[in-house]
Structure formats: structure tokens, C-alpha cells
Amino acid sequence: MWKHVRNKLSASTSDSLARSERERRKALCKITREDEAGGTCTSVVGGGCLFYDPDVRTDGWSNYFILTSSKLIPKEKCGVKKYQVEFIKPKSKSKSKKYPLSSIQVKNNIYHVSSGLVVIFIDSHSPELKGPLFKHGSSSVLKDLEPRIGCKQNDTQFFFIGEKRYEYVAGKVDWKDDNPPSAKENCSTVLLEEVDKRLQAVGILNFEDNEEHQPVPVWWKNLNVEELLGKPVITNADGEVDREFTVTWSEAHNQPESLSLEYRIEWWKKNSKGSTAEPCKQTIYDDTHFKITGLEYNSVYEVKLFTVRTWGGIESDIRTFKTKTGLPGKPTITNNESEVDKEFTLNWSPPEANSSDFQPATYRLEWTKKKLLAEFSEMPQNAKTDETHFKIADLEYNSEYEVKLFAVNQQGDSEPDVRTFKTNTGLPEKPVFTNKEGEFDKEFILTWAQPEADSSDLSPTYRLEWREKFPTGFLEKQEHGSIVETYFKITGLKYESEYEVKLFAVNKQGESEPDVRMLKTKTGAPNKPTITNKEDEVDVEFTLTWLAPVNNSSDLSPTYELEWKNLTTEIRKFGLNVVTNQFSITDLEYDSEYEVKLFAVNKQGKSEPDVKRFSTKSVQPNLDVDVDECALSREKH
């Protein structure tokens, strides 16, 4: 903040208090305006006061400026060529000199303040001001001025018109039987007060042509000239800002109407050593706000605001802002499975850093079981971890859960990554029989494949049910449980029967869906044996041979029965309890036809017979025929 501008109208040295009042009035000035109307020229006189502010740093301004009234220098009559300035030194031997305002004024630097004041910056280096009156080292106007603007006090104020002093008390002027000045000729003067034997200028009195002839004061307060001129001031509240935030400022006032105005804002990041990088710049027209973007989190930036006028920039408010650490970015859950066990590990990738120093302190998880109506329970479960994985436990099987994952740092929680998971049913999957289709013996081994595990705690046993099927229904079931292998020998079945078999996988959650098979047992009687004799004509004695039937029962140890019958005489003969695969049939008759039936026999009964027909030879050959008779017989032929 600029130091308060102070103006002491008397000298600051120790002997200044002894100087005459007229000497202490030397900073007062008389300003004359020449108005032309109807071919006549009218001089309008007003008062002003010269001030000195050593802290003015604004380009195009000066440490010296005159405060006067807008009644004397209105905006609509702001042509400086119409005005002359005379610095007052009452009873001085040298004649007061008038200066054209245009010759001592800093170019284009007349400002109208909204309160009714006018600020005119003076060029103390102009040739006109190099005379004894402004020369340093001697009794000059500028030498003895101090940076002080007074404030309205409760003491009596007073003012001068010419060399006459008038009191201004409680808003009234004691004219001492003098005629009040005409506002057309003397429109304003400087209002003074004395505090601790020091004169202070506290305002301007504007004279009005009214019945009471009472002037109207325009006060000024303890403020610097830049505040007086209404320079823009950054209005953002103190505190940390985001990496994108809007700078706002108060509007600059008192801009000469003939000159353009714009704002320029600069910002740069301070490094750890306090030095700054190259600033970013932006020019703003008309608006009194600007959005700064692209900042880094957890950094310090200096922001400087300028008003840019035709004659150059005016350095304005400077503010330092610290950006927030920044909320962390959203982490990403990397689990791909849609169904999980009642205990599973949630994995995620860390968020992308949105600040150069960003590392999230922790992660926070919430998981909530969904209700049947797709609503959520009121009390989610929570957990925190500094890892990128977490084992969620104690879920319920066959349920649906919503899981939210947050990254957390000192600023708060990130946006959550949200996933929905369904837990497994918990029951084991269905096992599958591996026995091939076909008929089974009344004792056989049933085999199956282990179910696919869908739960980490799945160590199933197995349970079998089987029951005989009848046309009218099923008999009472038989079962065997707690089978730990993937096979089981079923015994005690009946031949030539049909059974329904069910296989369950079992764990602590319960039983799986069963695999169901309909199994048919074998008939039980042996299969038909096969006669192997190829000849169709046999002797009256011959050996019948055969192949044993293919065993279709694990207990099949058959014997054989034979039956042969003379098809002419219908005489039957039998061979029983034959244990080998051959049998000698004897005592057949010549020139006869026989039918032979072969049976395999076990305790279940006889097989179907293998049947073959044979013819016996016609007669027994005569071995005593004379050889000559045979030869004679051949000759005849």
C-alpha cells in the first residue's frame, strides 16, 4: 500500500513555525479560466493546492500535482489552453507569475474524480518552473512541501479569498459584513485547517449563487493519489486458489474522456528461491475480470494488474496467490471380472498426477450391497489403504455390490471410480458323468469330471442317488454321500433293469445342481456262442466246435448245452454241462439230416442257441471190390 500522501502547507524545518501565515500559504494557487461567449471574455477564478508525493511510481505521472474543483475545470471544458495557474505568495516583493497550465502540466494528465475533485500532474522540470519560486535550495514552493493531505477535523476550518481570511464553522461562513463572492467570478477556493500549528488542506469549497450564499465543500481524506484517482484494485479474497481462477478488480475511474483505457494483467510463478519466471501477459478490454488458466497446483504466483492508457501503463495492485494442492485425479479399478467370490482383491491404477508434487496420501473404498429393489443400504462399509490393492472380505454369496474407489489427499476426495460386482452363488458347479452310453452290469464303477471351481473356498465332496425305475414309477432311492474321489462303485443292481442316477457336488454352501443319467443294466443271461464247423456233411461221428460268447457280465462263467435232432425221425439227443468249447457227437445215422443247437448256460439262464444243420454220409464205403471189375467198368465207359 502506498504511503498516505501528506501535504504540509508550511515548511517542515524547525523555523517554519515562526514564518508568517502568508509564507505558509505559498502552496496555494489561483487558477483562472477564460470563457468566451457572445464576443465577450469572462474570467472565472478558482483555488487549488499543490501537493508532493515522493512515492508516486506510475509511468507518466509526477510527484507533484494540483488538487482543485471540477466546478472550475469541468470535463466539458477541459481544454488546458484556457487555464492559467498563479502560485500565491502574499505580500511578496516579487510579482506573482502566471503560468499557462499547458506549459507546466504533464501531458494529458488531468483526471476528474467522481467526488468532484480534479487532479492535475505538474512537470517540475518544465522550463517555466525553473525560476526562483521552484528552485531547490532556496525558499521555493516545492522545497518545503511534505507528502501530506489532511483530513476533516472538528476544529474550525477557514479559507482565503485574495488576502482575506474567512472562518468556516459548522457548514457556515462568517462573511464579516463582506459581500459573498459571485460564483461566476470566484467559483472555488481551498478549505484549510490548522492542527498543531500546521496548516492542512482538507477540501475544496465550491461557491454557489444561492440565497444563503453558502459554499458547498468537497472533502478529501487520507489517501494516496493513486487511490484518489481510482486505480483498479484486485478484489479477490485472500486464500488459496485453484489452478484455474478468475481475477476480479474494481473499475478504474477518472479517465479523461478523450483517452482510451484498457487493462493489462501479468502473472508468473515464483520458484523456491523467490525469483520468478517470464511472466504471462494478457490485455483486457472493458471487463474487470479475467480467468487465469494453466497454473500448477501447490505453487505461488504473483499477479500484477495495470491500467493501460494512451500515455502508458499505470502500475496497479500486486497480489500473491498460492494454488491449492489440488484434489487427486480419479483412480481406475482394473478388475475385469463381473462375478467375484465373497472374498476378492480389488486392484486399481493410481490417478494421473495433476500437480507436480502430487502423490495421494491414501485411497478410500466404499462398498454397499444392493437390495432387491436396486436400492442401496444406508450404511456402506469403508476402508483405507496406501496400496493400490485391497482385499474385500465377508461379502455374501449370490449378491450384488457397488464399489466406489476414491483417491484422497489433504484437499479431499477425488471423483470416485464406481464398479458393480456380483458375487458367486457359492454353491459348486454341476459335476459331469464321464461314463459312455450303453448297458451296464449290475455292479459297475461310475466316473465323473470335477466341477469348475467358482469359489475360492470350494473343496466339494460328492453325493450319489440311484433308484430303480418301473412303469408305474420309481422305487425308494438309495444314496451314498461324502465321496471325495471322482468315481464310485455301484453294486446290488438288478439285471435287465433301468435306474435313475443323480450326482451332486457338495460344499458348505450346499449342493450343486445334479447331473442326471438313466442307466440300463444288462439282461444277465450269456450271449449266444458261435459254432465254428464249416462243413455241411459230416460222418456219423464228428466233433462240434464253437466260440464262447462275448462276456457281458463280470460273473459270467458259462457251461454249454447241446441238442441235436434227426429231422427225419425227430429223435433228440442232448449234451449237458459241457465246460469246453467242443463236443463229440456220435451214433448218427447215415444218409440223414440233423439240426444241432448250441446254448451257453449260466445261473441267469440259457443264451439264445446257435443253430446249424448237417447231413450225414449216404452209406459206408465197400472196401472189397475187385480191381479188375473196376477197370472193366472204366473200359465200358
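**View 1. Arg463 and the ring of Phe504 in the predicted model.** In this predicted model, the charged end of Arg463 sits over the ring of Phe504, at 4.3 Å from the ring centre. Arg463 also takes part in a network of salt bridges that share partners, in which it is joined with Glu465, Lys477, Glu479 and Glu511. A second contact between a charge and a ring involves Arg165, whose charged end sits over the ring of Phe158, 3.5 Å from its centre.

**View 2. The salt bridge between Glu468 and Lys494.** Among the 27 salt bridges that the structure holds is the one formed by Glu468 with Lys494, in which the closest N and O atoms are 3.8 Å apart. Glu468 belongs to strand 34, which covers residues 461-470, while Lys494 lies in the loop between strand 37 and strand 38 (498-507), so the pair ties together parts that are 26 residues apart in sequence. The two partners can be described by their accessibility as well: Glu468 is buried, with a relative accessibility of 9%, whereas Lys494 is partly exposed, with a relative accessible area of 46%.

**View 3. The salt bridge between Arg613 and Glu595.** Side chains of opposite charge can pair when their charged atoms come close. Here Arg613 forms a salt bridge with Glu595, and the closest N and O atoms of the pair are 3.6 Å apart. Arg613 counts as partly exposed at 48% relative accessibility, while Glu595 is buried, with a relative accessible area of 14%.

View 4. Lys489 lies in strand 37 and Glu443 in the loop between strand 32 (439-440) and strand 33, so the pair ties together parts that are 46 residues apart in sequence. Lys489 is partly exposed, with a relative accessible area of 48%, and Glu443 is likewise partly exposed, with a value of 37%.

**View 5. An open sheet with the strand order 22-24-27.** This open sheet is made of 3 strands in the order 22-24-27, and their pairing is antiparallel. At its edges stand strand 22 (332-333) and strand 27 (389-392), each with a single partner strand, so one side of each is left without a neighbour in the sheet. Strand 22 and strand 24 (residues 344-349) run antiparallel and are joined by 2 bridges, and Thr332 stands opposite Ser349, which is in strand 24.

View 6. A pair of aromatic rings is described by the distance of the centres and the angle of the planes. Across the whole structure, a search finds 18 aromatic pairs. In one of them, the rings of Trp267 and Phe290 have their centres 5.7 Å apart and their planes at 40°, so the pair is tilted. Trp267 lies in strand 17 (residues 261-270) and Phe290 in strand 19 (residues 289-292), so the pair ties together parts that are 23 residues apart in sequence. Trp267 is buried, with a relative accessible area of 9%, and Phe290 is buried too, with a relative accessible area of 17%. Elsewhere in the model, Phe159, Tyr166, Trp175 and Phe207 form one aromatic cluster.

**View 7. Tyr64 and Pro54.** Tyr64 is found in strand 4, which covers residues 64-69, and it counts as buried at 9% relative accessibility. Pro54 is 10 residues apart from Tyr64 along the chain, and the C-alpha atoms of the two residues are separated by 8.4 Å.

Note on methods: Residues are numbered from 1 along each chain as its sequence is written. This is a predicted model: local features need pLDDT of at least 70, side-chain atom pairs count only at pLDDT 80 or more; totals for chains, interfaces and linings use all residues. Side-chain values use heavy atoms; hydrogens and water are left out. A salt bridge is a side-chain nitrogen of Lys or Arg within 4 Å of a carboxyl oxygen of Asp or Glu. Helices (H or I, at least four residues) and strands (E, at least two) are DSSP runs, numbered from the N terminus. Buried means under 20% relative accessible area, exposed over 50%, partly exposed in between (1.4 Å probe, protein chains only). Rings of Phe, Tyr and Trp (its six-membered ring) pair if their centres lie within 6.5 Å; planes under 30 degrees apart count as stacked, over 60 as edge-to-face and the rest as tilted. A charge sits over a ring if NZ of Lys or CZ of Arg is within 6 Å of the ring centre and within 35 degrees of the ring normal. Two strands pair if DSSP finds at least two bridges between them.
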